[in-house]
Amino acid sequence: MAIVKWAKGIDFVSGLLSKRPKKGTPHSEHSNALLATHRVAATTNPDCTRIYMVGEYNRSTPVGANETKARTRFAAVAAAVNTRKNDLMQMTTDQANFLAQKDQAGGKKTYKAYLWKICGDAYDAEHNG
């Protein structure tokens with residue numbers, strides 16, 4: 001088994017270390033991605049980082065009705081947010097309304113989150129009654 005000694009200043013490595021190959025590219029069926037995990041726990045063991053080879057993911061269940069609705073909603077709201085953030089007619093009003101609600105309880109802290117809330121509420125009102 002290999003032993004990795006981290007350089008000074010690097011405590012641990014966590015996340016996807018190599019890119020997953022795109023499906024259908026040459027050699028994608030036998031290519032793996034490198035994934036590192038770091039466990040944070042109160043232990044005396046200093047070896048808390050683990051590295052795995054992650055292969056292609058094959059879904060075992062079909063896409064359900066709720067997931068299809070969630071995907072449709074996400075795509076529609078994302079398109080609405082993109083359109084609204086570039087609409088010069090609404091930009092000034094949206095920015096003023098965002099600043100007015102930002103520091104209130106339950107207010108959205110970023111402009112993008114505010115637009116997602118506004119467009120998501122509009123989508124829900126239109127499609128759920």
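**View 1. The accessible surface of the protein chain in this predicted model comes to about 10500 Å².** Carbon and sulfur atoms account for 57% of that area, as computed by the Shrake-Rupley method with a 1.4 Å probe. Residues are numbered from 1 along each chain as its sequence is written, and side-chain values use heavy atoms, with hydrogens and water left out.

**View 2. Follow the protein chain from its N terminus and the elements run β-β-β-α-α-α.** That gives three strands and three helices, taken as DSSP runs (helices H or I, at least four residues; strands E, at least two) and numbered from the N terminus. Among contacts with a separation of 6 or more, 31% join residues 24 or more positions apart; contact here means heavy atoms within 4.5 Å.

**View 3. Here is the largest nonpolar core, with seven residues.** Its members are Val-77, Val-81, Phe-98, Tyr-114, Leu-115, Cys-119 and Tyr-123. Helix H1 (65-85) and helix H3 (111-127) are the elements that give two or more residues to this core, and H3 gives the most, with four. Such a core is a set of buried Ala, Val, Leu, Ile, Met, Phe, Trp, Tyr and Cys residues joined through side-chain atoms within 4.5 Å. Take a look at Cys-119, which touches Val-77, Ala-80, Val-81 and Arg-84, not counting residues up to four places away in sequence.

**View 4. H1 and H3 pack with their axes 9 Å apart, at an angle of about 125 degrees.** The axes are lines fitted to C-alpha atoms over the stretch in contact, and angles run from 0 to 180 degrees between N-to-C directions. The two helices, H1 and H3, are therefore oblique to each other (under 35 degrees is roughly parallel, over 145 roughly antiparallel, 65 to 115 roughly perpendicular, the rest oblique). Residues making the contact include Phe-74, Ala-76 and Lys-85 of H1, and Trp-116, Ile-118 and Asp-124 of H3.

**View 5. Gln-101 lies in helix H2 (residues 88-101).** Gln-101 is buried, with a relative accessible area of 14%. Leaving aside neighbours within four places in sequence, Gln-101 is in contact with Gly-107, Lys-108 and Tyr-114.

Key:
This is a predicted model: local features need pLDDT of at least 70, side-chain atom pairs count only at pLDDT 80 or more; totals for chains, interfaces and linings use all residues. Buried means under 20% relative accessible area, exposed over 50%, partly exposed in between (1.4 Å probe, protein chains only).
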